[in-house]
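Subject: Structure handover

Hello,

Here is the structure to look through. Please open it first, then read the notes below.

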Amino acid sequence: MNEIMELMRRHATVREFTDEAIPAETLDHLIDSGRQAATWKGGQSYSIIVIEDPARRQQVFDIMPLPQARDCAALLFFVGDLTRAEAAMDFRGEDFYPESIESVLIGAVDAALCAQNVALAAEGLGYGTCFLGYVRYFSEEFAELLDLPQYTFPVFGLALGRPAVEPAPKPRLPRDAVVHRERYQRRDAAALTEVVQQADADMREYFGDTPGDSWSQRMALQFAEPQTESSTRLLRAKGWL
């Protein structure tokens, strides 16, 4: 494996940061590295809102009480954004048809590809990263805080900073549980149960004496009850659905 592959395999979420700032030029380089990611039809259907002011990060924390959002050096909000696409349609004198799941996927995937590049570049310089999907549980509140216009929505946040601790990478599901050759390999209930049991065992081994959620418990926290409606309401209000 080369150095980049080793870096990818060492990825671990950092939730505790020092008070070291990220130099402005460095942060610009990280973001520019992200902006070179692949993007659907070159549209770059996202925007990045950078929050470094501690008072603003406190406002984020007041909405979404995650310490890493407050204590990081820089908090980046990745926002699906079709405002420039709308401007292109106006420029060409074309009608604008943004309302579709396809548009939502375009904005979300473009944002995710960019953010992953930013995270990889940051980790290559010794910074820690934490993706904050919990943002979507408060989509409407963040839309107001960030003054988001029509045809935008918050996809997730990314906390950046110098790690105060160096966590070990969490285990992943077995390769053959997620990688299929040539076509989807269907598994019966017993085989899928074995995957779940192995994932739970790996997570227990990872946490050791420190209590932690099992993999199945984490899935239950997400899928054992109806999903949050905040993003759905906002997507409709902002013209995506």
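First, a definition: two strands pair if DSSP finds at least two bridges between them. Keep in mind that this is a predicted model.

**The sheet**

Start with strands β2 and β4. Strand β2 covers residues 74–81, and strand β4 covers residues 152–161. Eight bridges join them, and they run antiparallel. You can check two of these partners by eye. D81 has T152 in β4 as its bridge partner. G80 has F153 in β4.

Now turn to β3. It pairs with β4 through five bridges, also in the antiparallel sense. Look for G128, which stands opposite G161 in β4.

Next, take the sheet as a whole. It is open and has four strands, in the order β1-β2-β4-β3, with antiparallel pairing. Which strands stand at the edges? They are β1 (46–51) and β3 (128–132). Each has a single partner strand, so one side of each is left without a neighbour in the sheet. On average, neighbouring strands are turned by 25° against each other, direction ignored.

As a reminder, strands of a sheet pair through backbone hydrogen bonds, either parallel or antiparallel.

**Around β4**

Is β4 largely enclosed or left open by the rest of the structure? Here the cut-off matters: buried means under 20% relative accessible area. In β4, 10 of the 10 residues are buried, so this strand is largely enclosed by the rest of the structure.

The largest pocket has a volume of about 1600 Å³. It is lined by 40 residues. The closest to its centre are R15, F131, G133, R218 and Q222. Which of them gives the largest share? That is α10, with six residues. By class, the lining has 22 nonpolar, nine polar and nine charged residues.

The second largest pocket has a volume of about 260 Å³. Its lining is R9, R172, L173, P174, R175, V178 and V179. Four of these residues are nonpolar, three are charged and none is polar.

Best wishes

Technical notes:
Residues numbered from 1 in each chain as written. Predicted model: local features only at pLDDT ≥ 70, side-chain atom pairs only at ≥ 80, totals over all residues. Heavy atoms only, no water. Helix = DSSP H or I, 4+ residues; strand = E, 2+ residues; numbered from the N terminus. Axes fitted to C-alpha atoms, helices over the stretch in contact; angles between N-to-C directions. Buried < 20%, exposed > 50% of the residue type's maximum accessible area, 1.4 Å probe, protein only. 1 Å grid on protein atoms, 1.4 Å probe; cavity = no way out; pocket = protein on both sides within 12 Å on 5 of 7 lines; lining within 4 Å. Points joined across faces, edges and corners; volume = space filled by probe spheres on them. Nonpolar A, V, L, I, M, F, W, Y, C, P; charged D, E, K, R; others polar.
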